[in-house]
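Please take a look at the model below.

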Amino acid sequence: MKYKISLFLLFVFVLNSCQNEDEKRRAENEKEAKKKEVIFNTINKGWVFIDEPINEISEQKISSWNEWREFLKEISDKPRKSIGAFQKKSTAISKKAMALNDNIPVEFNIPAIKSRISVLITKVKMMDLFIHLNQIPAEKVTFLVGDINKELVSLERQMDNIIVKSKIPKEQGEEDFLKMLDTTRAIPNSGSVPIQAQNIDQKIPKVE
């Protein structure tokens, strides 16, 4: 009889332990699910890119600079379903950003534009890195989204300035003057006597 009671008590103990473990596991799963939900909501709310050109110049470039067009198209397509969807989108954006180094239009293939593209790519790669961490820092991801927008505006304004400056007409005679100046610099002044040589000649006494 005592054996049966002991066996029964052991069974009750094991059953309670299992139930406690299940409840603990369920509570942890719920906590993790809420955490992921907060991360998703934070990123979903802050995932707002400037996907339209801010000026006429950058809008014109959409038709001629394929890589620029594809990049803007990629950031305009916002994920909706899950963190995994945002992670895939971030990787796709990173690839499109890297492609901006290819086929840069001639008028923009200058250090000022290249440096801004480089900064933009760096920001995008950082965002892609953070969003793929096991513990995603949602605030950092959304902060980088804002930084990427700033770099986009800076890049488009720089493109605009380049085109505007190229269209400013030179003053009458300015171009001819610059050509003449370049020509004068290219001709060596062989007929002139160095000042130092003139001073030496003046100090030498003449022999009569």
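## Confidence

This is a predicted model. The mean pLDDT of the protein is 79. A value of 70 or more is reached by 67% of its residues.

Helix H4 (residues 83-98) has the highest mean pLDDT, 96. Helix H8 (residues 195-203) has the lowest, 49. Where pLDDT is low, the predicted coordinates should not be read in detail.

## H4 against H5

H4 packs with helix H5 (residues 111-131). Their axes lie 9 Å apart, at an angle of about 160°. An angle over 145 degrees counts as roughly antiparallel, so H4 is roughly antiparallel to H5. The crossing of H4 past H5 is left-handed.

On the H4 side, the contact uses Phe86, Gln87, Ser90, Thr91, Ile93, Ser94, Ala97 and Met98. H5 contributes Ile121, Val124, Lys125, Met127, Asp128 and Ile131. By class, the H4 and H5 contact residues are eight nonpolar, four polar and two charged.

## H3 against H6

Helix H3 (residues 66-76) and helix H6 (residues 138-166) have axes that come within 14 Å. These axes cross at roughly 150°. H3 is therefore roughly antiparallel to H6. H3 also passes H6 in a left-handed crossing.

Which residues of H3 and H6 meet? From H3 come Trp68, Phe71 and Ile75. From H6 come Leu152, Leu155, Glu156 and Met159. This contact of H3 with H6 has six nonpolar residues and one charged residue, with no polar ones.

How values were computed:
Residues are numbered from 1 along each chain as its sequence is written. This is a predicted model: local features need pLDDT of at least 70, side-chain atom pairs count only at pLDDT 80 or more; totals for chains, interfaces and linings use all residues. Side-chain values use heavy atoms; hydrogens and water are left out. pLDDT is the predictor's confidence in each residue, from 0 to 100. Helices (H or I, at least four residues) and strands (E, at least two) are DSSP runs, numbered from the N terminus. Axes are lines fitted to C-alpha atoms, for helices over the stretch in contact, and angles run from 0 to 180 degrees between N-to-C directions. Angles under 35 degrees count as roughly parallel, over 145 as roughly antiparallel, 65 to 115 as roughly perpendicular and the rest as oblique. A crossing is left-handed if the near helix is turned anticlockwise from the far one by less than a right angle, and right-handed if clockwise. Contact means heavy atoms within 4.5 Å. Ala, Val, Leu, Ile, Met, Phe, Trp, Tyr, Cys and Pro count as nonpolar, Asp, Glu, Lys and Arg as charged, and the others, Gly among them, as polar.
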